[in-house]
Amino acid sequence: MSNWNRDNGAYNLDLSSMNPRHGDGGISQEEDQLELLDHPHSSQMPSFMPHDSFASLGQPLHVSNSDNESADGRICYSDKEQQPLQQQSHDQQRQRRQRSKKSGGSSSLVSRIRNTLMGRKTTTDQSPRLIYMNNPERNSQEKFIGNRVSTAKYNIITFLPIFLYVEFSKAANLFFLFISCIQQIPDVSPTSRYTTLVPLIIVLVITAIKEVIEDYGVHRSDRELNARKCKVLEGNEFVVKSWRDIKVGDVCRIEASEFFPADLILLSSSEPEGLCYIETSNLDGEVNLKIKQALPETAHFVSPHQVASMQGLIKSEQPNNRLYTYDGTLTLELNNGTTKNLPLDPGQMLLRGAQLRNTSWVYAVVVFTGHETKLMLNSSKKPTKASNVTRITNRNIWYLFTMLVIMSIMCSVGYLALSMRDFDQLGYLALAAGERAREFGFNILTFMILFNSFIPISLMVTMEIVKVVQATLIGSDLDMYYSTTDMPAVARSSGLIEELGQVEYIFSDKTGTLTCNQMEFRECSIAGLSYSTHPDADRKPQSDDDSQAQYSFQQLEEHLHTSIHANVIHEFLSALMTCHTVIPEVNQETGQVVYQASSPDEGALVQGAKDVFGYNFYARRPHSINCKVKTQDVEYQILNVCEFNSTRKRMSVIVRDPNGKVKLYCKGADTVILERLDRNNIFVDSTLSHLEA
């Protein structure tokens, strides 16, 4: 997200400093299939916003003439004279959608069929989604889907066909089904009709019970998720509803530590200027808090009565799976009867699955529900996977089946040759000379039935039972139990258990993935002197300025008041306290401040400055941070933040200190910082020796 200013001067907040994700993943204009023209003069469009953004719409949408349809089938909308919101015609909106659908032609129909067969979720209507504020009757006419979600593999209707398809895609089951069928032919099978059929049914029943038990757990978790409670505005008060009953256009009140039930647009919060903090670990795996901020025009709606009085229209983009982009326009009715168009961007988007943190409550309006939320569009149904052992078994069974056919043909040829040579002596067999071809074919089937134990059905039964037992043993293995969170190992599917014993390579992106990733502030080098929690006994200092020695942190406290470089030490500790994007969160139970950092090392530096040296950072505001240096409260004005990235390999922050001086603090990789120092810096050589020690 780019930095940009609202011209009303209400705030100038660098939201990008709190969110390392940028861009929309290379989304092209052709994907949106819609051009909306004329950006409003009341706000400046941020650099990240595409030219066909819904937020660039200056006036309410009106259907243009047919000559505005472009050659590639896209429908262009232009502005006409502005009309009050109540006079917009719902019929015109519906007609425009119908024309948009027709313009796709037969290729659009083929694409929809192909996407349906492949299980893709697509939206054929490329016109903006219209959501009316506090108007459930109008929203119900749009026929938005509900908020109930299902991630299970089966349901009552699809279980039997999907299960049978998956099972009979296995070579063994297909072979035994074939044997069971030919056993039903009279005068062909030398065995009972049910010799193979009954064991096959038993195998399928055992497998079906296993699948039902595993999928029932998914259904149960889905029911628990859909039954979660949330406060929804009805009239002038909030009532508690289940997640499954939430609809598009509802205004929800989300309180601290609660998860968002749908994709929402932030209206206001308990924090100043409509700020709120969210955690998106369920979406992108990042545990650091991110900042979202409501529009200044809606941030003052902080009571149920005020929110219920809001009237307006949200023109939203259609559902898509892009987590870090959003385009929309809020047309808000003002007290004087006029309307104002306000651009919406990812800074106001609260995604389903994220969690509200460090904020008492927020008010937000629902824009996407259920399987149209960005979280669900990025997820997929539980896939049907085959383990490596299953693939090897299928291949070997096809080899054995080929050998079985060859053996049956050879035996039938031998029987045919014997019957032709000794026909006169085999009268007791009642052979008919004119039916030798028919007898030859039946003999092949008979020999296949006789040799069917060449592929043992007991192998399949044993494999299924072993998988279930292994899944049970994994769940009860104490070596895989994590007592800190009371979390045992869980085998959600027994179909891939054997894959765990065939891992050859493990790829890791960083050491923290394979370790506890817990970092502590242990050592530092300031003004050419090395300090440590536990100094090396062999490097005792001989004076107060011995660069080869190692001092303790207690001695650092003394140097902070007595050393000639005391100002350097103070600036070093001030940099630790201010140059970061950490968000402090107060633990409601213990009252302790917990730092939410984008990386463990950044959190360790801030924690070390607080615990070891008494430079305590405890609050972050939109344009400032509050700290306590020893016992003195100080406030630093944040003028700008340059986030750490892989190109710069450093982070910078420009602040105005309590004395009114503007300072630049920078931290980063040693190679990047050292090459930017003055060539005559007297501390470089000693600092390099400390790094190499």
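**Close-up views of the predicted model**

**View 1. Strand β4 pairs with strand β6 through 2 bridges.** The two strands, β4 and β6 (residues 251-255), run antiparallel in this predicted model. Within this pairing, V232 stands opposite C252 of β6.

**View 2. An antiparallel pairing also joins β4 (residues 229-234) to β5 (residues 237-242).** This pairing comprises 6 bridges. C230 has K241 in β5 as its bridge partner. The hairpin formed by β4 and β5 has 2 residues between the strands, and G235 adopts a positive phi near 70° there.

View 3. Residues up to four places away in sequence aside, F301 touches S268, Q306, V307, S309, M310 and Y363. Although F301 and S268 are 33 residues apart along the chain, their C-alpha atoms are separated by 6.2 Å.

**View 4. The largest nonpolar core contains 47 residues.** F260, I314 and L350 are the residues that touch the most other members of this core. The most residues are given by strand β15 (residues 361-368), which supplies 8. Another core, of 35 residues, lies apart from the largest one and includes A527, Y595, Y636 and I638. In soluble globular proteins, nonpolar side chains tend to be buried together.

**View 5. The contacts of I314 beyond its neighbours within four places in sequence.** I314 is in contact with R129, L130, I131 and M133, and also with Y326, T329, L330 and L344. V365 and V367 complete this set of contacts.

Terms used
Residues numbered from 1 in each chain as written. Predicted model: local features only at pLDDT ≥ 70, side-chain atom pairs only at ≥ 80, totals over all residues. Heavy atoms only, no water. Contact = heavy atoms within 4.5 Å. Core = buried A, V, L, I, M, F, W, Y, C linked by side-chain atoms within 4.5 Å. Buried < 20%, exposed > 50% of the residue type's maximum accessible area, 1.4 Å probe, protein only. Helix = DSSP H or I, 4+ residues; strand = E, 2+ residues; numbered from the N terminus. Pairing = 2+ DSSP bridges.
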